[in-house]
Amino acid sequence: MSSTKKNSKQSILKSANRYFLHVLCSLCFYSFALSAQDSQTIDWSKAANASDIALSSEQIKTIKNKHLTAALAWHGASPWINAVSRGAEDEFKKLGIKVIAQTDAQYDPAKQVADLENISTLEPDLVLSLSIDGISTKLSYQKILAVGARLVLLSNPIPGFKHNQDYVGIVTDDMFGMGEAAAELVAQASNNAGKVGLIFHDANYFITNNRDQAFRKALARYSNIKVISEKGFVKEHETSNIAAAMLLQHPEIDTLYVSWDAAAEGVIETLRSIGRKDIKVITHDLGVNNLLDMAMNGNVYGTISDRPYDIGKTMARIAAGAEIGIQAPEFTLVPFDSVTHENIAPIWQKAFKAPLPKLLDLALKQ
Amino acid sequence: MSINQLTLNQIKGLALKREFFIYYIFLTVMLLFTITLHDSGFFSLTNFMNIVRQTAPVTIMAIGLTFALAVGHIDLSIGAVVALSALVGAILLQHVGIPLAVVGALSVGLIVGLINGLLIERLQVSSLLITLGTMGVITGVARQITNLESVPIIDQTFTALFGAGELFGVPSLLIWTVVVAAIAYIVLTKLSFGRHLLAVGGSPKAALAMGIKVTRIRLYALVISSLAAALAGLLYAGRLHGARYTLGEADLLTVIAAVAIGGTSLFGGRACIIGAILGSWLMGMINNGLILSGFSTNEQMIARGVILVIAVAIGVKELKNG
């Protein structure tokens with residue numbers, strides 16, 4: 001009898017211990033989540049504009065005499081990233097800086113860790129990079145800093161990294177402005193009285209999350225525009241199914257917002273398939289297929305475009321400036337443009353500093 | 001033997017045959033969604049047409065992969081072939097007519113299938129490793145030839161033929177699915193080539209002893225698999241009015257799951273075309289039903305995983321019993 005009592009006492013104690021451990025873990029996790037949230041609280045009013053970042057001819061001369069080297073450690077590869085690289089390379093060339101490495105992590109944090117480790121063996125003076133996952137790549141960035149490189153980040157902050165200590169600055173899109181501009185395009189497309197379907201990026205990603213959130217907030221200001229349905233996606237290829245399901249349940253929707261251009265392609269495909277020429281689509285970024293649809297008066301009404309070439313140029317300038325002691329602001333915002341049928345060609349050239357693709361040019365001339 | 005003469009055990013044995021399993025799971029999932037989503041438009045012709053249209057390229061790829069699996073090979077390069085054939089078709093369309101562009105795109109499948117087959121057979125290396133390698137090469141080529149840009153298609157005849165067009169009210173994507181499925185079914189079940197495929201997959205040594213040209217049959221199977229992927233690339237290009245290097249990259253695992261649930265053995269010797277079609281429709285239906293149900297993206301992932309695990313577990317259990 002006493003042994004049974006002892007056993008049950010032990011089992012109660014074990015359960016209590018387990019319970020206590022769970023509570024402790026939960027508290028740790030919660031406090032970690034809170035601290036992570038704090039690090040995301042950024043004072044955007046202190047951010048500089050890309051046009052404020054300039055170098056005098058005297059400063060350029062000093063930089064040239066230093067014979068610096070640079071590396072570009074990107075998260076992936078796309079025409080957008082190519083334009084960022086081109087902007088950075090052109091600026092580095094002007095400043096007499098040699099680009100010694102360029103990597104594409106294929107959106108894989110493990111690959112980016114390896115890329116950064118390889119770059120650190122080259123001991124570059126400057127590194128421009130977009131971190132896919134700040135937590136898993138942090139150590140590799142620290143290795144790069146340890147060999148004396150100066151780091152300029154694109155968009156994504158790295159948790160725990162301090163401005164002017166670990167990185168020179170962060171260059172990013174004006175995400176909030178872009179979200180607001182997308183809401184303005186929705187209002188314009190629907191004459192201030194639309195029924196909107198929102199297809200948003202349902203993953204923890206700094207740029208898209210902020211852009212989508214700014215869009216929601218701005219759209220709420222239009223009293224006659226109602227968001228009828230919201231559905232999230234993780235991968236671009238899912239949007240076709242999502243749009244079909246959304247319109248099956250809410251055929252009254254007249255305007256669709258999609259987080260970015262490539263994800264909107266699946267939505268356009270669905271609209272074509274079900275013959276809904278009346279629905280207008282608003283998105284972000286420039287892609288040939290959707291611009292062609294816009295040029296031919298299809299479903300795509302408008303898009304908000306950032307300026308990737310200028311992003312690269314600004315990053316390079318900030319990095320080089322740091323070498324001669326110029327302190328850059330923590331955040332530098334690169335402006336954006338609203339694109340509709342009327343201004344496709346000039347905005348394309350402004351964003352990419354490249355000629356318009358032949359087919360798009362032909363379509364616009366028709 | 002008449003039905004009256006069948007014993008209860010024989011009926012039970014017949015009903016539990018591996019080939020029929022996909023029908024039960026398909027109907028069960030459909031019934032489940034029809035009941036739970038009765039007010040969401042799930043059980044409607046429009047929605048089923050959505051599913052068929054969305055899954056058409058995956059269905060064609062699944063049919064092709066069934067041939068490779070039937071001989072005991074796996075073809076991991078099909079996703080990459082989809083992208084490259086779509087890009088080649090879209091680029092050619094800017095310079096030549098539809099027939100030549102289609103031939104060019106399908107040639108990608110033919111060439112990749114031949115290379116895969118020859119490398120596997122000559123080097124006697126696992127198809128898994130060879131097609132993993134060719135997948136990398138093809139993906140690199142697809143990225144290189146367009147510098148990661150998408151290639152738009154403005155030829156409306158092409159997009160109608162391979163995408164959103166209709167013939168007597170039937171979507172062209174459904175017509176492609178039915179035509180390819182019918183050809184594959186006849187080849188696999190009515191022609192000696194189909195029997196040879198299964199014999200080679202079941203036991204290559206026995207097939208060789210029977211006088212079957214094992215190497216050639218395996219080569220043909222891989223060419224068919226790649227050709228089907230190239231056709232799927234054209235369907236994607238038609239649907240999306242353009243091509244990009246990312247097309248098909250997310251489809252490989254869906255296709256393998258669809259074919260396996262459909263009753264085709266991953267180790268050769270057993271193939272089921274109808275099962276592959278129902279398997280890919282099942283995958284599409286699960287996606288569609290979960291989106292309509294209003295689940296968040298994370299909940300959809302969990303539910304999709306659970307349904308697939310249950311489906312596969314029942315199949316494997318039945319296989320062991322059988």
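How are α8(A) and α9(A) oriented to each other? The legends below, drawn from a predicted model, begin with this pair of helices.

**View 1. Helices α8 and α9 of chain A cross at roughly 45°.** Helix α8 covers residues 239-249 of chain A and helix α9 covers residues 261-273, and their axes come within 7 Å. Angles under 35 degrees count as roughly parallel and those of 65 to 115 as roughly perpendicular; α8(A) and α9(A) are therefore oblique to each other. The crossing of α8(A) and α9(A) is right-handed. On the side of α8(A), the contact is made by A:T239, A:S240, A:A243 and A:A244, while α9(A) contributes A:A263, A:G266, A:V267, A:E269 and A:T270. Sorted by class, the contact of these two helices has four nonpolar, four polar and one charged residues.

**View 2. Helices α10 and α13 of chain A cross at roughly 10°.** The axes of α10 (residues 288-295) and α13 (residues 358-365) of chain A come within 9 Å. α10(A) and α13(A) are therefore roughly parallel to each other, since angles under 35 degrees count as such. Here A:V288, A:L291, A:L292 and A:A295 of α10(A) meet A:L359, A:L360, A:A363 and A:L364 of α13(A). The contact of α10(A) with α13(A) has eight nonpolar residues, with no polar and no charged ones.

**View 3. Seven strands of chain A form an open sheet with parallel pairing.** The order of the strands in chain A is β1-β12-β6-β5-β4-β2-β3. At the edges stand β1 (48-49) and β3 (98-104) of chain A, each of which pairs on one side only. β1(A) pairs with β12 (residues 331-334) of chain A in the parallel sense, over two bridges. Within β12(A), A:T332 is the residue that A:A48 stands opposite.

**View 4. Six strands of chain A form an open sheet with mixed pairing.** The strands of chain A follow the order β8-β7-β9-β10-β11-β13. β8 (226-233) and β13 (337-339) of chain A each have a single partner strand, so one side of each is left without a neighbour in the sheet. On average, neighbouring strands of this sheet are turned by 15° against each other, direction ignored. Helix α7 (residues 206-219) of chain A packs on the sheet and touches β7 (195-201), β8, β9 and β10 of chain A. The direction of α7(A) makes about 160° with that of β7(A). Inside the sheet, β9 (residues 255-258) and β10 (residues 280-284) of chain A pair in the parallel sense over three bridges. A:Y257 stands opposite A:I282 in β10(A).

**View 5. Chain B meets chain A.** The contact takes 25 residues from chain B and 28 residues from chain A. On the side of chain B that touches chain A, the elements giving two or more residues are α3 (45-70), α11 (214-240) and α13 (273-292) of chain B. Of these, α3(B) gives the most, with five residues. By class, this side of chain B has eight nonpolar, 14 polar and three charged residues.

View 6. Residues 98-120 of chain B are 100% helix and 0% strand, and their end C-alpha atoms lie 33 Å apart. Residues 166-188 of chain B are 74% helix and 17% strand, with end C-alpha atoms 28 Å apart.

Technical notes: Residues are numbered from 1 along each chain as its sequence is written. Chains are lettered from A and ligands numbered from 1 in the order in which they are written. This is a predicted model: local features need pLDDT of at least 70, side-chain atom pairs count only at pLDDT 80 or more; totals for chains, interfaces and linings use all residues. Two residues are in contact if their C-beta atoms, placed from the backbone, lie within 7 Å. Helices (H or I, at least four residues) and strands (E, at least two) are DSSP runs, numbered from the N terminus. Ala, Val, Leu, Ile, Met, Phe, Trp, Tyr, Cys and Pro count as nonpolar, Asp, Glu, Lys and Arg as charged, and the others, Gly among them, as polar. Two strands pair if DSSP finds at least two bridges between them. Axes are lines fitted to C-alpha atoms, for helices over the stretch in contact, and angles run from 0 to 180 degrees between N-to-C directions. Angles under 35 degrees count as roughly parallel, over 145 as roughly antiparallel, 65 to 115 as roughly perpendicular and the rest as oblique. A crossing is left-handed if the near helix is turned anticlockwise from the far one by less than a right angle, and right-handed if clockwise.
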